[in-house]
Amino acid sequence: MVESKAEKTEVGREDVESNKENMEVEEPAAEAPMKVFTVEILRLIKDMQLQHGLRHGDFQRYRGYCSRRVKRLRKTLNLPQGDRRHYKKRNVTLANLEKPDSDERFLHIPLMLAERTWSYAMQLRQESNTEPRKRFHLIEKLRKSCVYALQLQDLCASDRCDARTKLEAEAYSAWIHGSLHFELALWKSAAENLKKAQVIYENLAQAMPEEEQTVYRAKVEELKPSLRYCAYNVGENASVNDLLEMRGQAGLLGDLSHLVAQTKAESMEAFQMTEWRGRSVTVRPEKVRLFLLSIQELGKSIEKAKDFPAKIEMLESVLLDCKDAITAIKDEIKQDPKLRQPTADGGSGALIGIQYLLAYMSYTRLKLTLERNLFLVAQAKLTLDDPNVAEKSQLAGGGKKTKPQDLSRLYEIILQNVTEMQQLSGMENDASYQAEMETLSLSFRAFRCYYIAITLVAMKRWREAVAMYERSKKYANEASTSKTPCKDFDLRSELKQLVATIEGCKFSAHAYSVLEDDTADDTVLFGKSQKSSKPLYERLSHYKEDATLNSRNPNVFKLIPEMEPIPAKPLFFDLALNFVDFPSLDDKIEQKTAGKGATAGMSGFVKGLFGWGGGGASK
């Protein structure tokens with residue numbers, strides 16, 4: 001059969017892969033007491049099927065790929081079937097797996113043989129629509145596929161394979177047998193085998209991390225139409241669930257519950273689980289796991305720090321590790337295109353595991369940044385000259401004093417951090433999370449308005465200060481009475497203390513604003529003189545003592561008028577020039593011309609007399 005260009009290209013690419021496999025085998029294997037193999041059978045065959053023809057229903061192309069794959073594996077693993085002249089059948093046995101330098105790719109050989117015969121059977125099914133005789137060939141190929149699936153199941157049942165591989169091999173074998181019995185119209189046994197495979201895949205989906213559940217759940221959904229058709233043919237009184245009680249029958253699935261529990265335990269050991277906002281998520285990258293372990297005792301370490309600079313330095317070092325962990329998660333997402341999808345396949349809008357982990361790590365980074373900024377605020381308050389606080393704690397040895405506007409800038413930076421928390425990818429639709437962030441934002445707005453009011457008090461802008469005190473009190477009351485306080489930052493006690501402080505500050509600023517309006521009357525009562533820039537004739541109706549009136553230059557009246565703006569370059573149009581008669585200068589011009597002609601004639605006469613110059617000499 002003639003191969004297409006695409007198949008030739010594929011064969012060339014597979015040759016390159018085979019060279020890589022040869023190089024891998026040639027490398028010396030690391031000495032280990034016992035290797036335990038893990039083969040993700042379902043994911044492996046699904047990836048191969050989509051890459052080599054089944055995306056378009058081309059079973060012939062997939063069968064050719066399986067044949068070439070088996071040939072490469074036998075050559076790489078040094079398991080040939082005879083030589084060029086003689087054929088000697090060699091199957092994979094337990095002895096091949098128990099060798100010290102054994103490889104899990106020995107398990108791929110019976111798997112690829114089963115896939116090759118199954119794809120041939122599916123190709124014959126397509127052709128049997130027009131050629132009914134090919135249905136007999138189809139049955140034989142499915143029987144052969146069952147033989148190879150049983151070989152794979154026996155190999156995976158050994159101690160060299162983990163619980164996950166055992167379950168997947170058992171489910172694969174049950175699915176292949178169910179497909180054969182389905183073609184033979186043995187509806188009862190077909191339903192038993194298909195139901196067996198479905199139950200195993202359901203349990204595997206529950207035991208696996210969230211990002212690995214998709215392929216198993218898709219397989220469960222794929223088996224449902226066949227199970228319904230088998231139930232229909234079995235009869236109305238017989239249900240598939242009645243035909244097969246999976247957990248009750250001892251000889252059918254064996255210790256299924258034990259294997260599922262063992263798979264969960266191995267999954268927990270391989271991938272650490274962390275929980276955030278009631279949802280568990282798998283932690284794959286090593287840097288992220290180390291970082292999460294390091295911050296478990298961070299609170300105690302911060303409490304043991306002596307002063308605020310030491311606490312701030314500790315948080316900054318942890319922030320650097322957090323950024324490296326986030327980079328590791330993003331690199332893993334870039335490497336696997338399937339992880340780039342923001343939501344799960346269910347369409348509920350929930351993030352998949354790796355995306356949810358990225359959101360959690362981003363929240364952790366912003367939370368640590370917020371804690372560092374709060375320590376900066378606490379450090380600045382030690383040297384703040386706050387007139388509203390009776391007892392002020394100062395740094396030992398003094399230091400530069402902090403201004404209220406410095407604290408308002410710090411709270412502005414903190415509010416920017418809270419805004420970034422609100423805009424975290426994937427958390428926009430979480431109502432409780434957004435409510436907590438809104439409460440936290442109101443709390444920091446209250447503190448910012450309070451320090452802005454203190455700044456205005458220092459500038460003697462009393463009315464603006466009263467308005468800012470009112471706004472700060474409003475924000476503080478809303479945040480303290482909120483039903484969804486932030487669990488990581490509980491500021492209710494500080495907000496109550498702030499409201500109590502604002503009550504006195506507001507009335508004090510209001511009193512100063514009233515006194516500022518009555519300044520003129522107070523100066524008359526106390527006999528204080530004030531200077532005024534207005535002359536005396538403009539303020540005759542107001543009596544104010546002005547000491548400058550008794551000086552040598554009293555400000556009584558302005559004799560010099562004030563300057564008024566005028567055009568810098570005025571425009572004038574000379575209209576009389578056209579009507580002016582100028583004297584004639586013709587007589588002077590003629591005398592000048594006559595004098596020039598006489599001189600020229602005399603010099604020409606002399607030159608001609610003595611032979612000087614002239615054009616004749618030159619000629």
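A charge sits over a ring if NZ of Lys or CZ of Arg is within 6 Å of the ring centre and within 35 degrees of the ring normal. Keep that rule handy for the tour.

This is a predicted model, where local features need pLDDT of at least 70, side-chain atom pairs count only at pLDDT 80 or more, and totals for chains, interfaces and linings use all residues. Residues are numbered from 1 along each chain as its sequence is written, and side-chain values use heavy atoms, with hydrogens and water left out.

**The whole chain**

Start with a cartoon view: the protein chain has 23 helices and 2 strands. These are DSSP runs numbered from the N terminus (helices: H or I, at least four residues; strands: E, at least two). Of the 619 residues, 38% are buried. Here, buried means under 20% relative accessible area, exposed over 50% and partly exposed in between, with a 1.4 Å probe and protein chains only.

**Charges over rings**

Select Arg-279 and Tyr-356 next. The charged end of Arg-279 sits over the Tyr-356 ring, 4.3 Å from its centre. For another example, go to Arg-63, which lies over the face of Tyr-120 at 4.0 Å from the ring centre.

The whole structure holds 20 aromatic pairs. Rings of Phe, Tyr and Trp (its six-membered ring) pair if their centres lie within 6.5 Å; planes under 30 degrees apart count as stacked, over 60 as edge-to-face and the rest as tilted.

Tyr-360 is in helix α16 and Trp-276 in strand β1, so the pair links parts 84 residues apart in sequence. Tyr-360 is buried, as is Trp-276.

**A ring cluster**

Which residues do ring pairs link into a cluster? Select Tyr-411, Phe-444, Phe-447, Tyr-450, Tyr-451 and Tyr-469 to see them.

**Last stop: Leu-559**

Finish at Leu-559, in the loop between α21 (519-526) and α22 (586-610). Is Leu-559 buried or exposed? At 76% relative accessibility, Leu-559 counts as exposed.
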